[in-house]
Amino acid sequence: MRPTATLPMLFTAEFFQDSHRIEAAMREQAPATLVRTPAGLRVWVVTRYAEARAVLSDPTVHKGPGIVEVARRNVEADAHGAEAEFVAGLGGHMLASDPPDHTRLRRLVSRAFTPGRVEAMRPRVEEITAGLLAAHRPGDRVDLLDMLAFPLPITVISELLGVPGHDQDRFRALSNELVATLSPDAAAAVAGYLTELIAAKRADLGDDLLSALIDAHDGDDSDRLSEHELVSMAFLLMAAGFETTVNLIGNGVLALLTHPDQLAALRADRALLRGAVEELLRLQSPVDMTTYRYTTEPLDLGAVRIPADALVLVSLGAANRDEARFPGADTLDLTRPAGGHIAFGHGIHHCLGAPLARLEGEIAIGGLLDAFPGLSLAVPVTELAWRPSAIVHGLEKLPVVL
Ligand code: HEM
């Protein structure tokens with residue numbers, strides 16, 4: 001292995017503003033690249049489509065609590081105060097677990113979070129969207145993220161979980177704080193709120209998702225989610241369902257506004273909308289990097305061998321722009337069969353909320369185009385800034401004229 005001092009640095013300020021170009025350079029050179037993060041971790045980043053799918057479905061690549069030790073062994077000697085624990089986040093949920101724990105958690109939550117429950121949200125998602133859009137007039141200048149992309153998913157997830165109306169402002173403030181700071185204090189405040197909410201639901205089950213999770217069990221009633229698992233699951237649903245969908249809407253609208261021919265085609269033929277959401281997810285993937293994984297055996301990706309005991313991140317954003325899978329990958333083409341994209345991940349951790357995200361994306365983008373035929377960017381595209389987040393790919397603000 002080369003001396004680590006020469007490793008390229010990932011997650012720099014330059015990376016966040018220009019991630020697609022930097023990832024393309026890595027992808028051209030090799031299917032996976034060893035980099036270091038600002039916190040001082042050595043990590044392999046996988047950037048090619050075929051290899052990304054292979055890693056995400058490889059049973060020797062793990063996510064469970066063992067990752068904390070692996071991270072400790074992959075901290076650079078000169079790293080100052082690197083917190084290896086951050087890779088584990090609030091543990092105990094299925095995105096931080098391996099089979100057989102993952103299998104059990106996912107089975108129980110899938111029983112509660114059914115396609116029927118998502119489809120039943122459709123009229124309500126339409127109503128919330130219409131309410132947000134109706135607060136503005138054509139010609140208004142607004143930040144589209146504040147106006148629509150943030151409030152829609154947070155309202156939907158709080159109603160889905162069954163956060164009572166009088167608590168929704170508090171829940172939204174806590175979630176915003178968490179997203180803005182990612183601090184342990186904010187995480188503890190959210191977990192504290194969810195613990196209270198679960199206690200209240202236990203006493204009086206409703207027909208919301210949280211009540212269904214409290215009630216979810218295997219046939220013989222033996223295998224309910226524990227208190228800690230319930231809090232972690234609710235936390236995961238909130239965090240995973242919120243940050244990401246915001247960026248599907250924000251990035252998607254930006255891609256349309258910067259490709260006027262495609263926007264015109266979509267306005268002219270609304271049958272394109274469903275496929276358009278898939279192509280927007282591919283081109284501007286809201287989750288750029290998966291969560292961390294680790295190897296327990298050497299992993300051969302083409303000519304590259306990732307050793308055992310290494311940390312791995314899969315760049316979904318880079319894989320979704322791999323020319324070998326999507327010719328003309330950097331171009332938005334709403335008629336492209338973009339179905340094979342991996343914006344929702346792949347393998348056993350494939351996004352559980354994908355049907356809900358697609359529903360929200362379609363309704364938000366379709367509703368926005370209907371309400372504002374003259375929608376345009378309010379600033380030159382070069383003035384837009386991307387958020388410095390290691391996981392999600394999303395804008396700081398999206399100023400538009402409605
Ligand atoms: C997992 C993306 C919306 C719930 C994932 C993963 C990705 C992803 C890439 C896998 C991460 C990994 O393997 O490291 C997205 C995107 C969304 C979105 C791009 C919006 C556009 C949602 C929503 C919910 C949700 C709305 C729920 C309300 C989950 C859950 C997991 C997950 C529970 C963990 C699944 C498991 O570990 O088995 N998502 N997500 N997501 N997502 Fe989503």
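Visitor: Which helices each supply at least two residues of the shell around the ligand?
Guide: They are H5, helix H13 (227-257) and helix H17 (354-371). Helices (H or I, at least four residues) and strands (E, at least two) are DSSP runs, numbered from the N terminus. This is a predicted model, in which local features need pLDDT of at least 70 and side-chain atom pairs count only at pLDDT 80 or more, while totals for chains, interfaces and linings use all residues. Residues are numbered from 1 along each chain as its sequence is written, and side-chain values use heavy atoms, with hydrogens and water left out.

Visitor: Which helix gives the largest share of the shell?
Guide: H13 does, with 7 residues.

Visitor: And how many residues surround the ligand?
Guide: There are 29, and the closest are His102, Thr291, Arg293, His349 and Cys351. A residue is counted as near a molecule or strand if one of its heavy atoms lies within 4 Å of it.

Visitor: What is the make-up of that shell by class?
Guide: The shell has 18 nonpolar, 9 polar and 2 charged residues. In this scheme Ala, Val, Leu, Ile, Met, Phe, Trp, Tyr, Cys and Pro count as nonpolar, Asp, Glu, Lys and Arg as charged, and the others, Gly among them, as polar.

Visitor: How far is the side chain of His102 from an oxygen atom of the ligand?
Guide: An N or O atom in the His102 side chain is 2.7 Å from a ligand oxygen atom. For His349, a polar side-chain atom also lies 2.7 Å from an oxygen atom of the ligand. At Leu95 a backbone N or O atom is involved, 3.5 Å from a ligand oxygen. A polar contact here is a pair of N or O atoms within 3.5 Å; within protein, one must be able to donate a hydrogen and the other to accept it, and residues adjacent in sequence count only if both atoms are side-chain atoms.

Visitor: Let us turn to the sheets. What is the strand order in the open sheet of 5 strands?
Guide: The order is S1-S2-S8-S5-S3, with mixed pairing. Its edge strands are strand S1 (32-36) and strand S3 (61-62), each of which pairs on one side only. Two strands pair if DSSP finds at least two bridges between them.

Visitor: Do S2 and S8 run parallel or antiparallel?
Guide: They run parallel and are joined by 4 bridges. Val43 has Leu311 as its bridge partner in S8, and Val45 has Leu313. By contrast, S5 (residues 293-295) and S8 (residues 311-314) run antiparallel, with 2 bridges. There, Arg293 is partnered by Val312 of S8; Arg293 is also listed among the residues closest to the ligand.

Visitor: What about S1 and S2?
Guide: Those two run antiparallel and share 5 bridges, with Thr33 partnered by Val45 in S2. Their hairpin has 5 residues between the strands, and Gly40 takes a positive phi near 100° in it.

Visitor: Are the faces of S2 buried or exposed?
Guide: Both faces are covered: Arg42, Trp44 and Val46 on one side and Val43 and Val45 on the other are all buried. Buried means under 20% relative accessible area, exposed over 50%, and partly exposed in between (1.4 Å probe, protein chains only). S8 is likewise covered on both faces, by burial of Leu311 and Leu313 on one side and Val312 and Val314 on the other.

Visitor: Which helix lies across S2, S3, S5 and S8?
Guide: Helix H3 (residues 49-56) does, running at about 125° to S8. Axes are lines fitted to C-alpha atoms, for helices over the stretch in contact, and angles run from 0 to 180 degrees between N-to-C directions.

Visitor: Why does Asn74 count as buried?
Guide: Asn74 counts as buried because its relative accessible area is 9%. Its side chain reaches the backbone oxygen of Asp309 at 2.9 Å. Leaving aside neighbours within four places in sequence, Asn74 is in contact (heavy atoms within 4.5 Å) with Gly40, Leu41, Arg42, Asp309, Ala310 and Leu311.
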